[in-house]
Amino acid sequence: MRDKSDSLTMGVDLGGTKILTAVVNSRGEMMSRDHSITPAAQGPDAVIQFIMQSMNRSLGQAGIAISDLAAIGVGVPGPSDPDAGVLFTAPNLPGWRNVPLRDIIEKATGVKSFLINDANAAALGELYFGAAQGARHFIYITISTGIGGGVIIDGKIYTGTVGTAGELGHMTIDDKGPRCNCGNTGCWETLASGTALAREARLRIKEGAATTILKHVDGDMEKITAQVIQAAAEQGDDLAKELIDRVGYYLGVGLANLLNIFNPELIVIGGGLSNIGDMLLTPAIRTAGERAFKDAYRTARFAPAKLGRNSGVLGAAAFALHEMNRAV
Ligand SMILES: [Zn+2]
């Protein structure tokens, strides 16, 4: 049974391929969870309609009315301004340009709504409900095809002047490095992501390096992914091990920068690539220790993210809670 004094929020995780919604209580327990596709090619109006429908199914599952919600938090896959509630652009959502999504949802539902970039939302999710509970200064990074992040200072998410802060994956690590999707070169995510790992594997194989990686993909270079390289490494493939170690090194270079700039007590690491575990994280943390100021390194902990696939939806709900608490 629900405690009537408990604040219920709706978390919405809008992605390029899927929409997740969930009714979440103040302890981060999901009372419902609805999953639908994102009709991305049909543009913003169709996507917004799908969000509304998913929220309605979530309310039905939880057995509550929309008026029972204290707030709605929406996590969005692109740079956005949480104060204005506007999503500027989204690389995976064609046609989205300066969409005032927060006000659209607030008007349609009559419920106080909030909007935030998905990686910042996930950082708050870990702070409220996951691996960073109780932390004052902490950094969240998520490593998959790219690197996303969120910076929590004094228990609050730092979003910057127009909300674009926390793009940790786009700090320059090597100015002569590979071209990044953002237009720059040598960003952290071009050197320390799943995409970087697969790209380096293809390059080395083309150069004639000896490896069993191709056996895992029937000889098709295009099918090489981070998971394939992980599998090869676990079976003892030297090239795969070397490539993961190299990505771990670059991960550590970026971590050292974060330690020096923010002196956080905790860095929480999530995302698909982090599932590689020690093979990746041991060289990363060693490199961070070699490069960062001693006191910054000594006083920081590293921990795996706890919320997994639900980090976006729980994070969006956490942001709504965070903003409601801030307003009190
Ligand atoms: Zn970049």
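## The five-stranded sheet

In what order do the strands of the open sheet of five strands lie, and with what pairing? In this predicted model, the order is β3-β2-β1-β4-β8, and the pairing is mixed. The edge positions are held by β3 (34-37) and β8; each has a single partner strand, so one side of each is left without a neighbour in the sheet. From one strand to the next, the twist averages 15°.

Strands of a sheet pair through backbone hydrogen bonds, in either a parallel or an antiparallel sense. Strand β4 (residues 69-76) and β8 run parallel and are joined by five bridges. Opposite Ile-72 stands Ser-113 in β8.

## Helices on the sheet

Helix α1 packs on this sheet, where it touches β1 (8-14), β2 (18-24), β3 and β4. The direction of α1 makes about 35° with that of β2. Helix α2 also packs on the sheet. Its contacts are with β1, β4 and β8, and its direction makes about 155° with that of β8.

## The pair α1 and α2

Helices α1 (residues 44-62) and α2 (residues 101-109) also pack against each other, at an angle of about 45° and with their axes 12 Å apart. The two helices are therefore oblique to each other. Their crossing is right-handed.

On the side of α1, the contact is made by Ile-48, Ile-51, Met-52 and Met-55. On the side of α2, Leu-101, Ile-104, Ile-105, Ala-108 and Thr-109 take part. By class, the residues of this contact divide into eight nonpolar, one polar and no charged.

## The pair α5 and α7

A further helix pair is formed by α5 (residues 194-206) and α7 (residues 238-262), whose axes come within 10 Å and cross at roughly 135°. How are α5 and α7 oriented to each other? An angle counts as roughly antiparallel over 145 degrees and as roughly perpendicular from 65 to 115; α5 and α7 are therefore oblique. The crossing in which α5 passes α7 is right-handed.

Helix α5 contributes Leu-197, Glu-200, Ala-201, Arg-204 and Ile-205 to the contact. These meet Leu-239, Glu-242, Leu-243, Ile-244 and Val-247 in α7. The contact of α5 with α7 has seven nonpolar residues, no polar residues and three charged residues.

## The three-stranded sheet

Another open sheet has three strands in the order β5-β6-β7, with antiparallel pairing. Here β5 (80-81) and β7 (97-99) stand at the edges. Each of these has a single partner strand, so one side of each is left without a neighbour in the sheet.

Two bridges pair β5 with strand β6 (residues 86-89) in the antiparallel sense. Within this pairing, Ser-80 has Leu-87 in β6 as its bridge partner.

## Aromatic pairs

How many aromatic pairs does the model contain? The count comes to four. One of them joins Phe-114 and Phe-319, whose ring centres are 6.2 Å apart. Their planes stand at 85°, so the pair is edge-to-face.

Phe-114 lies in strand β8 (residues 113-117), whereas Phe-319 lies in helix α10 (residues 311-327). The pair therefore ties together parts that are 205 residues apart in sequence.

Note on methods: Residues numbered from 1 in each chain as written. Predicted model: local features only at pLDDT ≥ 70, side-chain atom pairs only at ≥ 80, totals over all residues. Heavy atoms only, no water. Axes fitted to C-alpha atoms, helices over the stretch in contact; angles between N-to-C directions. Helix = DSSP H or I, 4+ residues; strand = E, 2+ residues; numbered from the N terminus. Parallel < 35°, antiparallel > 145°, perpendicular 65-115°, else oblique. Left-handed = near helix turned anticlockwise from the far one by under 90°. Contact = heavy atoms within 4.5 Å. Nonpolar A, V, L, I, M, F, W, Y, C, P; charged D, E, K, R; others polar. Pairing = 2+ DSSP bridges. Phe/Tyr/Trp six-rings, centres within 6.5 Å; stacked < 30°, edge-to-face > 60°.
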